[in-house]
Amino acid sequence: MKKKLLSFILTVTVIAAQFVFFTAYLPEAYAETIGGSCGDNVVWSIDSDAKILYIDGYGKMDDFGSLNPPWKDYDYFIDEVVVSEGITQIGKYSFAGLYVNKITLPSTIDIIQSSAFAHIGGFTEFCVPENFRLREFED
């Protein structure tokens, strides 16, 4: 009886050690990708290690329902928002309700739709390039 119990405990320990070792050293290729589409030619992704929401592509972002952009379920992963060059319009409620430290916009933004930054909190930096010129800002 003692041999069976000892054998069982040893087996469970070896299996648990292998699980911990292999999951701790999984290559980044196996990490979960968080992202999707947010416009015809615009995609979003979250670097959960750096806690950055990236908006990449070109053209207009979609409009979103009140406080309901696709990254809302991952807002605890987001401390910073970076909108890449090529994005021309920020959609309604895009970043509403986020609590972030920093927002970076490109020079290519010419329209910010209503409530895009409504109820946003915490940010200490709002970065725009020197040649930043808005054509339209809806409130």
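A residue counts as buried when its relative accessible area is under 20%. Keep that cut-off in mind for the close-ups below, which come from a predicted model.

**View 1. Pro69, a buried loop residue**. Pro69 sits in the loop that runs between strand S4 (59–60) and S5. Its relative accessible area is 4%, which is under 20%, so Pro69 is buried. Setting aside neighbours within four places in sequence, Pro69 is in contact with Phe64, Tyr93 and Ser94. Look for Cys38 too: Pro69 and Cys38 are 31 residues apart in sequence, yet 8.5 Å apart in space, going C-alpha to C-alpha.

**View 2. The largest nonpolar core**. This core has 26 residues, and Ile55, Met61, Trp71 and Phe95 have the most contacts inside it. The elements giving it two or more residues are strands S1 (34–39), S2 (42–47), S3 (52–57), S5 (80–83) and S6 (87–90). S2 gives the most, with three residues. As a bit of background, nonpolar side chains tend to be buried together in soluble globular proteins.

**View 3. Trp71 and what it touches**. Not counting residues up to four places away in sequence, Trp71 touches Cys38, Trp44, Ile46, Leu53, Ile55, Met61, Phe64, Ile78, Ser94, Phe95 and Leu98. Two of these, Phe64 and Ser94, are also in contact with Pro69 from View 1.

**View 4. A nonpolar patch on the surface**. Here Phe123, Phe126 and Val128 form a patch with about 250 Å² of accessible area together. Phe126 belongs to strand S9 (residues 125–127). Its relative accessibility is 41%, so Phe126 counts as partly exposed.

Methods:
Residues numbered from 1 in each chain as written. Predicted model: local features only at pLDDT ≥ 70, side-chain atom pairs only at ≥ 80, totals over all residues. Heavy atoms only, no water. Core = buried A, V, L, I, M, F, W, Y, C linked by side-chain atoms within 4.5 Å. Buried < 20%, exposed > 50% of the residue type's maximum accessible area, 1.4 Å probe, protein only. Helix = DSSP H or I, 4+ residues; strand = E, 2+ residues; numbered from the N terminus. Contact = heavy atoms within 4.5 Å. Patch = residues over 30% accessible without salt bridge, like charges linked within 9 Å, V, L, I, M, F, W, Y side chains within 5 Å. Areas by Shrake-Rupley, 256 points an atom, 1.4 Å probe, with all protein chains shown as cover. Salt bridge = Lys/Arg side-chain N within 4 Å of Asp/Glu carboxyl O.
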